[in-house]
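These are my notebook entries on a structure that I consulted for the first time. I record what I looked up, entry by entry.

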Amino acid sequence: MANLVIVESPAKAKTIKGYLGKNYKVTASKGHVRDLPKSSLGIDIENNFEPKYINIRGKGDLIKELKAEAKSADTVFLATDPDREGEAIAWHLALVLGIDDKKIKRVKFNEITKPCVKEAIKNSGKIDMNLVDAQQARRLLDRIVGYKLSPVLWKNIKSGLSAGRVQSVATRMIVDRENEIRAFKPNEYWTIEAMLESKDGKSFSAYYYGKNDKKIELKSKAEADAVLSDIKGKDFTVKSIKKAERLKHPAPPFTTSTLQQEAYKRLGFPSAKTMKTAQELYEGISLGDKGTHGIITYMRTDSLRISDIAAESAKQYITSEYGESFYPKTRRVYKSRNGAQDAHEAIRPSYMEYPPKSIRAYLSNDQYKLYKLIWERFVSSQMSSAVIDTVTVDSAAGDNTFRSTGSVIKFAGFMSVYQETNDDDEKDNNTSYLPAVNEGDSLKETGIEAEQHFTQPPSRYTEATLIKALEEKGIGRPSTYTPTITTIIQRGYVERAAKALAPTPLGEATNSLMVDNFSDIADPGFTAGMEMKLDEIESGERALIDVLSKFYKDFKDEIEKAEESIKDKSYKLPVVETDIICEKCGSTMVIKSSRFGKFAACPKYPACRNTKPLDKDGNLAAPKEETEKPAVQKAPDDIKCDICGGEMVIKRSRYGSFYACAKYPECKGTKPINRELDVPCPECGSKIVIRRGRNRTVFYSCSSYPNCKFTSCDTPTNEKCPECGSMLLRKRGKNLNVCINKNCSYKGEAKDMGEEE
């Protein structure tokens, strides 16, 4: 073997195989191969924080295979992801393989395309130890915090808890927002809306603005009634008209955080789903005859930079599809926020020749939705600004002014492709219209109404708004947003309340302990400062040991102080009593939580271990009704036991229904129940049946098996190939029909996806 290329995932390996020649073998490490041990701290603090890495359990055979392949290769290319985590994986692989450093080359590419991969192989280099140290610093910091803080939580709140550095800050932000909501006191205010009609009979609405050109806010019903009384019987006239033209500029291409925010608001995707789907698009999608390609660039980035080649491709696409006027006079260049690493480009399509509709048949629904979002955002980011005509009409009733505003899109520009959603999950379409009126025109009042309102408390964080807030405060990095949110939910500190994130009693108690006793760890500013130090390690401005030593010295002092001060306070979880009486001991039961949800438990545990299930609303769950066992259903007369020849009956298991010998347990003969399709076998004309193979795998075969041995993993259909007349098969999991005839290359979009078995 001449060359070995190692990537993280099998999907990425499959894509890259198609780009390199026979002299390259591409394989996958399947993520990390080494990590700190789970059963101990794994860090020698006294010896310059030396980590004690071990091979991950279950990776032994894989490591042996990689070692053997690396030994026989002339060059080993480590092509893991182009970020801190990927650099650390490459470093661990280099150590585990145990081969000469001269054989190892580090390869990085922002997009998995043939030109990019070949260029990266050609310009391979060495492992960047600054990046590795930055990843190690984060890993060691988080391990130290977790192992040193968790016993404090066990002792004072609940056993089994664990603490995290970034997770503690995220939980605090959610708890603080909940406290803001609880402390909020609404203020009353009123609006007055007048329905007016122009000379040509067109209606529009106007809202009370003020008196004598001074803006007035109405704070009570008395003030609103005074205005209504003042304008009663007075005619409305057009006082002034102001027209203006404004430009609306496109949003920049996606970064990790903005992609997660927009996918949540537009598609309802949790951040974990967004990143999983984006990973699939990045690592490679089979596009039929076009091969397998990574169709988006690397999806963990905080940069807004795009390459000159990508910008030129976008220009050609926009001018050809929309016209010259839709492309700006000068290319759009976006400035990344302060502190952005700028190591990679913004998230964009890898190829402009693959618009979403052209490859719809090869993508799952989730992949298509996310790819379409990324495509439209990128294309629009390079387009001309929209031109909007705005109109403000002030109407007078005596000394009182009512104001109407409207806007009309004069030139759609980028808005013809994409519009960014606001934080209220609404599209800003700017298409409210006002009739043509002139100053001095009389207006007919057709109705007037005063309405009471109250100011609203701040909204709870959603995943989208929490990610936005974390980024604005400099907490975490593109690769940490999703794990942070996932962790605080899994640990029970936060729960989903509809679309929002709300703290649990456990989260509030833990946050209270952290804020009172570990102010640095729970402080957003301190955590953001630590992120800056990690960035400085990456750039070579700081040493890993210096950062860890300074942190641990202060953290150790904080732990010692907390152990003394915490004795005078109680952070126990509040006991929530129910009206349920324990029938075993007569105590009033309390609500407890487990990983399966809430339940009622006897407070005298462990003396009394009685528990009762609760429904999702916290009420006692209704007992399951006892039903009579259904009568045994006989199999059709022509279905006989293959072992004893006797009758068979239909039985059910967790895997579905099946035929079983009626003489069980004396005879243990079984047969699968195969459902027929109303589709003829293409070879003998018998019915096609759905069967299940090993591991519950679904496949299709002829009902005359074994006389006819037709089988297929794709779904046979009643449709005929338009080219050769043979049967069409619908590809599993894809909206794509292919011809069963191997000599026919027809492929086409399926008319109806239907339900996959």
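I take buried to mean under 20% relative accessible area, exposed over 50%, and partly exposed in between, with a 1.4 Å probe and protein chains only. The model is predicted, so I note that local features need pLDDT of at least 70 and side-chain atom pairs count only at pLDDT 80 or more, while totals for chains, interfaces and linings use all residues. Residues are numbered from 1 along each chain as its sequence is written, and side-chain values use heavy atoms, with hydrogens and water left out.

Entry 1: salt bridges.

I searched the whole structure for salt bridges (a side-chain nitrogen of Lys or Arg within 4 Å of a carboxyl oxygen of Asp or Glu), and the search finds 36. Side chains of opposite charge can pair when their charged atoms come close.

I looked up Glu87 and Lys108, which form a salt bridge with their closest N and O atoms 3.3 Å apart. Glu87 lies in helix 3 (residues 84-97) and Lys108 in the loop between strand 8 (104-106) and helix 4 (114-122), so this pair ties together parts 21 residues apart in sequence. Here helices (H or I, at least four residues) and strands (E, at least two) are DSSP runs, numbered from the N terminus. I find Glu87 buried, at a relative accessible area of 0%, whereas Lys108 is partly exposed at 37%.

I then turned to Glu178 and Arg460, whose salt bridge has its closest N and O atoms 2.8 Å apart. Glu178 belongs to helix 6 (residues 165-183) and Arg460 to the loop between strand 17 (442-454) and helix 12 (463-472), so the pair ties together parts 282 residues apart in sequence. Glu178 is buried at 8% relative accessibility, and Arg460 is partly exposed at 33%.

A further salt bridge joins the side chains of Arg403 and Asp394, at 2.8 Å from N to O. Arg403 is partly exposed, with 27% relative accessible area, and Asp394 is buried, with 8%. I also note one network in which salt bridges that share partners join Glu8, Lys12, Asp81 and Arg300.

Entry 2: helices packed on helix 11.

How do helix 8 and helix 11 cross, and at roughly what angle? The axes of helix 8 (residues 256-267) and helix 11 (residues 365-381) come within 11 Å and cross at roughly 120 degrees. Axes are lines fitted to C-alpha atoms, for helices over the stretch in contact, and angles run from 0 to 180 degrees between N-to-C directions. This makes helix 8 oblique to helix 11; angles under 35 degrees count as roughly parallel, over 145 as roughly antiparallel, 65 to 115 as roughly perpendicular and the rest as oblique.

The residues of helix 8 that meet helix 11 include Leu259 and Ala263, and those on the helix 11 side include Leu370 and Leu373; contact means heavy atoms within 4.5 Å.

For helix 9 (residues 271-283), I found that its axis and that of helix 11 come within 10 Å and cross at roughly 85 degrees. Helix 9 is therefore roughly perpendicular to helix 11. Among the contacting residues are Thr277 and Leu281 of helix 9 and Leu370 and Tyr371 of helix 11.

Entry 3: Leu196.

I placed Leu196 in strand 9 (residues 188-197), where it counts as buried at 0% relative accessibility. Not counting residues up to four places away in sequence, Leu196 touches several residues, among them Phe204, Phe236 and Leu443. Leu196 and Lys276 are 80 residues apart along the chain, and their C-alpha atoms are separated by 53 Å.
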